[in-house]
Structures are given as structure tokens and as C-alpha cells.
Amino acid sequence: MKGFLIDASKCVGCHACQIACKDEHCGNCWMPYAAEQPESGQFWLKVNQKERGQRPQVKVSYVPTPCMHCENAPCIAAAKDDAVYRRDDGLVIIDPVKAKGQKAIVDACPYHKIFWNEELQIPQKCTGCAHLLDDEESPIRVPRCMDNCPVGVIQFGELDELDLEGAEVLHPEYGTKPHVYYKGLPKKFIAATVYTPEDEEIVEGAKVTVTNGTDTYEAITNSWGDFWIDGLADDEWDVTIAKDGKEMKLSVSTVAEDRGLGDVAFA
């Protein structure tokens, strides 16, 4: 079975994969796998960009998201007349002819990665560039998104040949068993600049400990008085800042969002 491995930690947000997908499918009809993709309104692969934290502790994360080519694909179950099928290699394909008028296929996808073409009255999505995989004369025998990525974020191949150790899927709670795996997905962070209010100087070399009672993370404030602790779960955290026998405690929640605490007075 084929699938994708996407390392979000490498993604720089250049959108080269997204552009390549549009270039491959806009103005081109790759029957029987795909009719022409509209120039606007559809991104069969999209780089989801999210600003995280609060000023001045802010990060931007980028996560490329194609169709998940799920093993338990809801779109297959929702389709009539075998309009959506799984190839022997695992790619999930919407038949542009059989799927005409079947808008329920769009609504079935919990990832919202199937799009409705109003002009053609068909659902459309990523095909894994099946037409390239099947063309023995093509100089590109991989999906265009992978071929066009300049930093090696996207890999495609046999799942048992990809390095899936430590990889995870988006929304495992959906129960669809995606064939798109991720490494380096953004987790929550806590960050701040620590300073002393009496002289308004930054505090360098303070030990910062973050714990939820089960997991514990540590950091040392740098020459700017800053600390960043990343990779946190969605939870309630006890934060301790200590230096030279002096200590202060904070309670911080990352349940809803990353937390940039701004300037924290070490008093």
C-alpha cells in the first residue's frame, strides 16, 4: 500500500507543493482519474498556515494537507455506483464520470479535502497524481507535490518502506485510518521573557520547569531572558522559574492555545 509521509518540521511555507498541484491539474484533464481542476476555489493539496502564541512570543506553523487516502474512507461508503474506489496501490480515486451529481461524496469527508465543482457538477480531490504513477514514459513517477518540494518535506511510496517510526495521523479519532502520516506536527508551547521589575533587567540563566504531574520539561532563560518550551500536550501546566534560591510559580493552560506570556516579572 502506498501513502505519504510529511515532515511538517521541515516545512518553510514556500507553498511550492501547493503551486505544483495547481500547475499539474489546472488546464489539464487526466481521465479517468481527474477532470480539470478549477483555477480558484480548490486546493487538492493546501499548506495550512497558523499563527500561534501571543506577541511577542509568536510562531507560524505550516502543515501540507492532501486527501488522506483513508483505509476506511467515508467517501467510498457515501458514493453510489462505485463512484469512489480504492486502487490496488491504496490510492482513493473519485471517478469523474460516475460521481457526477453526487454531492454527498463531498459532505462525507471529515477532513474537508473533497471539493465540489459547480460547473461540472462533480466532486474532486487529490489523486496522488495516479496518472504520473501509471505513465512509464513520464520523467516524473511521483506526485508533483513531492517532486516540487525543495526541502524534502513530502515523501511518497510503499508504507512499509517509509520511516514511520514516531509518525502520527491527523485526527485519529475519526477512525478512517489515513494513509498520510506526519512527523513534526506542531504541539503547544509556553514561552516568556523573564525580567526583574525593580531594575527592569532581564533574567539570564534562570531554570524553568514545566510539569503537568506526569511529564516534565526544563529550559534555561537565554541572554535575552527568553525561554521557549515546545512539544507540550493540551493540558494544564505548573510553571516554576528559579534562580539564586529565588523561585516563583505560575499556572498556565495550553488546552485552547499556545501561550506566549510576554514579559514575566520575576519578583
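A: Let us begin with a term: a residue is called buried under 20% relative accessible area, exposed over 50%, and partly exposed in between (1.4 Å probe, protein chains only). Accessible areas come from the Shrake-Rupley method with a 1.4 Å probe, and for residues only the protein chains shown count as cover. The model is a predicted one, in which local features need pLDDT of at least 70 and side-chain atom pairs count only at pLDDT 80 or more, while totals for chains, interfaces and linings use all residues. Residues are numbered from 1 along each chain as its sequence is written, and side-chain values use heavy atoms, with hydrogens and water left out.

Q: Is Glu-200 buried or exposed?
A: Glu-200 has a relative accessible area of 66%, so it is exposed.

Q: And where does Glu-200 lie?
A: Glu-200 is in the loop between β10 (188-196) and β11 (201-202). Helices (H or I, at least four residues) and strands (E, at least two) are DSSP runs, numbered from the N terminus.

Q: Which residues form the negative surface patch?
A: Glu-198, Asp-199, Glu-200 and Glu-201 form it. Patches are made of residues with over 30% relative accessible area and no salt bridge; like charges are joined within 9 Å, and nonpolar side chains (Val, Leu, Ile, Met, Phe, Trp, Tyr) within 5 Å. Asp and Glu count as negative and Lys and Arg as positive, whereas His and the chain ends are not counted. The place of a charge is taken as NZ of Lys, CZ of Arg, CG of Asp or CD of Glu.

Q: Salt bridges, then. How many does the structure hold?
A: There are 12 salt bridges in the structure. The term stands for a side-chain nitrogen of Lys or Arg within 4 Å of a carboxyl oxygen of Asp or Glu. In general, side chains of opposite charge can pair when their charged atoms come close.

Q: Which residues are linked in a network of salt bridges?
A: The network links Asp-23, Glu-24 and Arg-144. Arg-144 meets Asp-23 at 3.1 Å, N to O. That pair connects distant parts of the chain, since Arg-144 is in helix α5 (residues 144-148) and Asp-23 in helix α1 (residues 16-25), 121 residues apart. Glu-24 and Arg-144 also meet in a salt bridge, at 2.7 Å, N to O. Glu-24 lies in helix α1 and Arg-144 in helix α5, so this pair ties together parts that are 120 residues apart in sequence.

Q: What is the N to O distance between Asp-258 and Arg-52?
A: The side chains of Asp-258 and Arg-52 meet in a salt bridge at 3.0 Å. Asp-258 is in the loop between β16 (246-253) and β17 (259-265), while Arg-52 is in strand β2 (residues 46-54), 206 residues apart. Both residues are buried.

Q: New topic: how many aromatic pairs does the count come to?
A: The count comes to four aromatic pairs. Rings of Phe, Tyr and Trp (its six-membered ring) pair if their centres lie within 6.5 Å; planes under 30 degrees apart count as stacked, over 60 as edge-to-face and the rest as tilted. One of the pairs is Tyr-217 with Trp-237, which is edge-to-face, at 5.9 Å centre to centre and 70° between the planes. Tyr-217 is in strand β13 (residues 216-220) and Trp-237 in strand β15 (residues 236-243), 20 residues apart. Trp-237 is buried because its relative accessibility is 2%, whereas Tyr-217, at 25%, is partly exposed.

Q: What is the phi of Cys-129?
A: Phi of Cys-129 is near 50°, a positive value in a residue other than glycine. Cys-129 lies in the loop between β7 (122-124) and α4 (130-134), and Cys-129 counts as buried because its relative accessibility is 8%.
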